[in-house]
Amino acid sequence: MEFWPEFLASSWGREFVAGGVGGMAGVISGHPLDTLRIRLQQPPPSTGGIGRASAVRLLRSIVAAEGPSALYRGMGAPLASVTFQNAMAFQVYAILSRSFDSSDDPTEPPSYKSVALGGVGTGALQSLMLSPVELVKIRLQLGGDRLGPLGTAKHILKHEGLRGIYRGLSITILRDAPSHGVYFWTYEFSREKLHPGCRKTGQESLGTMLVAGGLAGVASWVCCYPLDVVKSRIQAQVGFKRYNGIVDCFQRSVREEGVSVLWRGLGTAVARAFVVNGAIFSAYELALRFLANGN
Ligand SMILES: NC(=[NH2+])NCCC[C@H](N)C(=O)O
C-alpha cells in the first residue's frame, strides 16, 4: 500500500493536506503586512529609528532604507513551519470539534458550541509549535537575519537554552486559546449566514469563503490584540531582558507609552488578518473539494 493515496482517501488526511495548502496561501498573501505589524508593535528604538510611525510611513521608510525584499524577510521559516502548523491545527480542529459534538449523525455539521470549544483546544495545542516558530520569525523580521531561520533557532538554543526558545509560550497560549474559539466560531457562523445550508452541502462560492475567512481572522485578532502586543514585545527581547514577565510588560508598556500602546498596529493587523484568513479558508475549502473529487 502506498502512503499518500491511502492518506488522501481518509477525511483526516484530506483535512491535513488542505490545512497545509491554506497555511501556505496565508503566509504568501500576508507576510509583508505581518512584518509591518511586528515592527509597529515594538517599543520606540526598534521601529527603524523613525520613532512612532504610521503604517504607511513605516512601509515607505523600510522600502527606502532596506529595499522591498525586507518585507519578505523571515518568510522562509513561516512558509515551511506555518504550512505544517496550519495542517496540524485544521486537523486537530476537525477531530476536536467533532468529538465535542453530541449528535451522532455524521452528516450534520458540529454545533456552534462544539466548534468554539474545538477552536479553544486547537489554539492551546498549536501554541506548543507556534510559540518557537513565531519567536524566530519575530527576531528575523526585526532585522536579525544574519543567521537565517535555522541558524537563529540554533543560536537561541545555544545561548538562551530551551527556556529561551520557548520564551513567550504562556502568553501565546493565553492569546491563541480564546482567539481560536472566536476564529472557528466566526467562520462557521458567517459562512452559514452568507450561504444558508452550506455547512452541510459545502456549496458556497469563493466570495463566501473569502469573506467568512476574512471575518473570522479579523474577529479573532481584535479580541486578543493587546495580548499580541505583549507577546511580540516579550518574544523580541534578545539577551538583555527589558521586561520581567507578562504582567510587567503590560504595566510598563502602558506606563511608559500610554494605554493606546495596546492597540498599536491594530489597523495593520486587521488588514493582514482579513487577507490572510480569507486566503487560508478559501485555499482550504478549495483543496478539500479538489481532494474529495479526486477520490
Ligand atoms: N489571533 C489569532 N491568533 N487568530 C487565529 C490565527 C489565525 C491565522 N493563523 C492568522 O495568523 O491570522
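**Close-up views of the predicted model**

Leu215 counts as partly exposed, because its relative accessibility is 38% (partly exposed lies between buried, under 20% relative accessible area, and exposed, over 50%, with a 1.4 Å probe and protein chains only). This is a predicted model, in which local features need pLDDT of at least 70 and side-chain atom pairs count only at pLDDT 80 or more, while totals for chains, interfaces and linings use all residues. Residues are numbered from 1 along each chain as its sequence is written, and side-chain values use heavy atoms, leaving out hydrogens and water.

**View 1. A nonpolar patch on the surface.** Leu215 sits in helix 9 (helices are DSSP runs of H or I with at least four residues, numbered from the N terminus). Leu194, Leu206, Leu210, Val211, Leu215, Phe274 and Leu286 make up the patch, and together they have about 550 Å² of accessible area (Shrake-Rupley method, 1.4 Å probe). Patch residues have over 30% relative accessible area and no salt bridge, with nonpolar side chains (Val, Leu, Ile, Met, Phe, Trp, Tyr) joined within 5 Å. Helix 9 (206-222) supplies the largest share, four residues.

**View 2. The salt bridge of Glu134 and Lys231.** Here the N to O distance is 2.5 Å (a salt bridge is a side-chain nitrogen of Lys or Arg within 4 Å of a carboxyl oxygen of Asp or Glu). Glu134 belongs to helix 5 (residues 112-141) and Lys231 to helix 10 (residues 225-236), so the pair ties together parts 97 residues apart in sequence. Glu134 is buried at 11% relative accessibility, and Lys231 is buried at 1%. Both take part in a network of salt bridges whose members include Asp34, Arg37 and Arg272.

**View 3. The salt bridge of Arg191 and Glu285.** The closest N and O atoms are 3.8 Å apart. Arg191 in helix 7 and Glu285 in helix 12 link distant parts of the chain, 94 residues apart. Both residues are buried.

**View 4. The salt bridge of Arg252 and Glu256.** Their side chains meet at 3.2 Å, N to O. The two residues are separated by about one helical turn, because they are four residues apart in helix 11 (residues 246-257). Glu256 is partly exposed, with a relative accessible area of 47%.

Technical notes: Patches are made of residues with over 30% relative accessible area and no salt bridge: like charges are joined within 9 Å, nonpolar side chains (Val, Leu, Ile, Met, Phe, Trp, Tyr) within 5 Å.
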